[in-house]
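This report describes how selected parts of one protein model are packed together. Please consult the sequence and the structure alongside the text.

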Amino acid sequence: MNLQPISSTPTTIITGFLGAGKTTLINQLIVHKARDGRWALLINEFGKIGIDGGLIAQDDGIAIKEVSGGCICCSSQLPLQVALVRLLGEHQPDRLIIEPTGLAHPDELLGQLSQPHWQTSLNIRAVLCVLSGTQWVQDKYRSHDGYIAHVRHADVVVCNRTDEINIDALTAWVSTINPHAKIILTGTPDELQALLDLAHHSTTPARTVALTAPHQQHTNNKADEPISLPYRYHESIGEHHVGGWRLPSDWQFDSYELQKWLLSRPDYLRIKGIIHTTEGWLMLNIAPDGISISDTDERADSRLEMIFGQMVDDAIWQAWDGVLMGMKS
């Protein structure tokens, strides 16, 4: 492998809580990027299955690398460093977008990317935080430290799903937390593209996380490592619980029963998947305040992942596994 010297690449971090609409914003940016533009996307997934890359609009001028199995800002810097070096060195993009998991700590990620060894490689631009109005109206989000942190460390807060939302109250809340943030309520494609070239202004000291000690293990796994299918896992990461499946592509699941079952899972924070169903291949992106289900192209395997804010014990996962297999046609 011949890695070329890495120049100072304009880099945008797009943050936001689980289900806020980060992937939707990225897809909007991709649709309107310059035809000859070479972009690179580094996507951090909380779970091990590796789905978010498949939710991104496909474009020949975009290289995508996923880092799965935990938060890159708090598990270990090594997966982040390796992914960035390979992505930048192999593809030589003229723009880099980093999408951390919705459970990430933006200040820690900024601290890592501000280290001296990245100064000649990355030109950090404005940090964009995606905020969902339908999440914001719920006190459980507004009072959540992680939710607030995304706003606190943003240069720009891009709001969506604001129909029937008290905009004055929303903007006042954002300004109280981060008076320096630019607030975007609506934007044309050109205006959204222009956000990528805004300067980053650090108003809060960023935390730097030390490299994981040699004897410690991090949970990061490559989403596309060879594994035997069918595959299922579940695990606790911090205060959250995550689990999912990778299944053979020729297995078909009853579309109606699958969707009904997924939407009845208790207290989920996020459900996402790309699955072969009796209605064809479906792409699912489900949050408590929004559901997106659409047709997609055939894939090498089916993938499904669920994130919860509380412990889900092994017996429940075993039962769910049986229910899911019972939908196989």
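Strand E6 (residues 128-132) is mostly covered, with five of its five residues buried; buried means under 20% relative accessible area, exposed over 50%, and partly exposed in between (1.4 Å probe, protein chains only). Strands and helices are DSSP runs, of at least two residues (E) and at least four residues (H or I) respectively, numbered from the N terminus. The model is predicted: local features need pLDDT of at least 70, side-chain atom pairs count only at pLDDT 80 or more, and totals for chains, interfaces and linings use all residues. Residues are numbered from 1 along each chain as its sequence is written, and side-chain values use heavy atoms, leaving out hydrogens and water.

Leu128, Val130 and Ser132 point one way from E6, while Cys129 and Leu131 point the other way, and all are buried.

The largest nonpolar core has 30 residues, and Leu131, Val151, Val157 and Trp173 have the most contacts inside it. A nonpolar core is a set of buried Ala, Val, Leu, Ile, Met, Phe, Trp, Tyr and Cys residues joined through side-chain atoms within 4.5 Å. Elements that each supply at least two residues of this core include E6, helix H7 (145-152), E7 and helix H8 (167-177). H8 gives the most, with four residues. At least three residues of this core come from each of domain 1 (9-196) and domain 2 (231-327), the bounds being those of an automatic or database domain assignment.

Leaving aside neighbours within four places in sequence, Trp173 is in contact (heavy atoms within 4.5 Å) with Leu131, Trp136, Arg142, Tyr147, Ile148 and Val151. Another core, of 21 residues, lies apart from the largest one; among its members are Ala20, Ile62, Val130 and Leu195.

Helix H11 (residues 314-326) has Trp317, Trp320 and Leu324 as its buried residues. Seen down the axis of H11, these fall within an arc of 60°, so they line one face of the helix; the arc is that of the directions from the helix axis to the C-beta atoms. On the other side of H11, Ala315 and Gly326 are exposed. The buried residues of H11 pack against strand E9 (231-237), strand E10 (240-248), helix H10 (255-263) and strand E14 (301-308).
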